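Here is a short report on one protein chain. Please look at the sequence and the model, then read on.

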Amino acid sequence: MELNNLYIIKSMKLKTQIERADIAQVKECLSKKDKYMAKFLKIAPEFNLKINSLTSVYQSLIESIISQQLSGKAASTIFMRLCNLFNSKQIRPLDIIRSEDDELRSVGISRPKIAAIRDLTEFEINGKLPDLTKLHKMSDNEIITSLTQIKGIGRWTVEMLLIFKLGRIDVISGKDLGLRKGFAVIKGIYPTLPSDKEMLEHAEKYWKPYRSIASWYLWRACEG
């Protein structure tokens, strides 16, 4: 077999679950199972979730920590300031170790998040943080159990990593306010919000095994 063909096959194997998904088929499945989602999908934007395969697991978790309880725009602004602080688009453990808390505070990172980033840095330096290759071999629950050992990293933070870094196709976060708002919008009950339990039960019944993709559409509904 030619080397080019071998490279293509290898690249295909490296694609995540979300990248391999037939979105048209997924939308059809969601529409058949859920009348609320069916109505929204008729007007929803084109699915364009991009999996970031270039940044490290370490940096992806820093981004997720910064994003905790913030809008996407606010989190992006703070992360950009952090990169500018180190004059680099790649955040390395030594950058964090050499920085003072006041420097990190100056870009908009709260003290609890600084503590979480420092604990994550210790995990990385001590070789406890699984690399991307190892994470791809682990189940969702194994990853959640492993990474929530880090102080300041809870289930939501790892769930964002599962979706946006690892491209897992069947993940939803009951603690995500944007998802609950989006669910309320497609149900036509906003500004009343469903409980975590109500949304998760609905997701289990109607959106499984495509809960990550359903989540992406709920975020769009929330924005709209």
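Gln69 is exposed, at 83% relative accessibility. This is a predicted model. Gln69 sits in the loop between helix 5 and helix 6. Its phi is near 60°, a positive value in a residue other than glycine.

Asn87 also has a positive phi, of about 50°, although it is not a glycine. Look for Asn87 in the loop between helix 6 and helix 7 (93-98). The relative accessible area of Asn87 is 72%, so Asn87 counts as exposed.

## Two cis peptide bonds

Next come the peptide bonds. Tyr190 and Pro191 are joined by a cis peptide bond, with omega about 15°. Pro191 belongs to the loop between helix 13 and helix 14.

A cis peptide bond also joins Lys208 to Pro209. Here omega is about 10°. Pro209 is in the loop between helix 14 and helix 15.

## Salt bridges across the chain

Side chains of opposite charge can pair when their charged atoms come close. How many salt bridges does the count come to? The count is 12.

One of them pairs Asp140 with Arg168. The closest N and O atoms are 2.6 Å apart. Asp140 lies in helix 11 (residues 140-147), while Arg168 lies in the loop between helix 12 (155-164) and helix 13 (177-187). The two parts are 28 residues apart in sequence, so this pair ties them together. Is Arg168 buried or exposed? Arg168 is buried, at 7% relative accessibility. Asp140 is partly exposed, at 23%.

Asp170 and Lys208 form a salt bridge too, at 3.2 Å from N to O. This pair links distant parts of the chain, 38 residues apart. Asp170 is in the loop between helix 12 and helix 13, and Lys208 is in the loop between helix 14 (196-206) and helix 15 (211-223). Asp170 has 18% relative accessibility. Buried means under 20%, so Asp170 counts as buried. Lys208 is partly exposed, at 33%. Asp170 and Lys208 also belong to a network of salt bridges with Glu204 and Arg211.

Now move to Arg180 and Asp196. Their salt bridge has its closest N and O atoms 3.5 Å apart.

An α-helix has 3.6 residues a turn, so residues three or four places apart point the same way. Helix 14 can be read with that in mind. Which residues of helix 14 are buried? They are Met199, His202 and Ala203. Seen down the helix axis, the buried residues of helix 14 fall within an arc of 100°, so they line one face.

The face turned away from the buried side carries the exposed residues Lys197 and Lys205. Lys205 has a relative accessible area of 57%, and the cut-off for exposed is over 50%, so Lys205 counts as exposed. Lys205 is 172 residues from Lys33 along the chain. Even so, the C-alpha atoms of Lys205 and Lys33 are separated by 8.6 Å.

## The largest pocket

How much space lies in the largest pocket? About 1,300 Å³. Its lining has 35 residues. Ser67, Gly72, Trp156, Met160 and Phe164 lie nearest the centre of the pocket.

Helix 5 (57-67), helix 6 (72-85), helix 12, helix 13 and helix 15 each supply at least two residues. By class, the lining has 12 nonpolar, 15 polar and 8 charged residues.

## Cysteines and disulfides

A disulfide is a covalent bond between the sulfur atoms of two cysteines. How many disulfides does the count come to here? The count is 0.

Cys29 is partly exposed, with a relative accessible area of 24%. Cys222 is partly exposed as well, at 29%.

Methods: Residues numbered from 1 in each chain as written. Predicted model: local features only at pLDDT ≥ 70, side-chain atom pairs only at ≥ 80, totals over all residues. Heavy atoms only, no water. Disulfide = S-S within 2.5 Å. Buried < 20%, exposed > 50% of the residue type's maximum accessible area, 1.4 Å probe, protein only. Salt bridge = Lys/Arg side-chain N within 4 Å of Asp/Glu carboxyl O. Helix = DSSP H or I, 4+ residues; strand = E, 2+ residues; numbered from the N terminus. 1 Å grid on protein atoms, 1.4 Å probe; cavity = no way out; pocket = protein on both sides within 12 Å on 5 of 7 lines; lining within 4 Å. Points joined across faces, edges and corners; volume = space filled by probe spheres on them. Nonpolar A, V, L, I, M, F, W, Y, C, P; charged D, E, K, R; others polar. Arc of directions from axis to C-beta.
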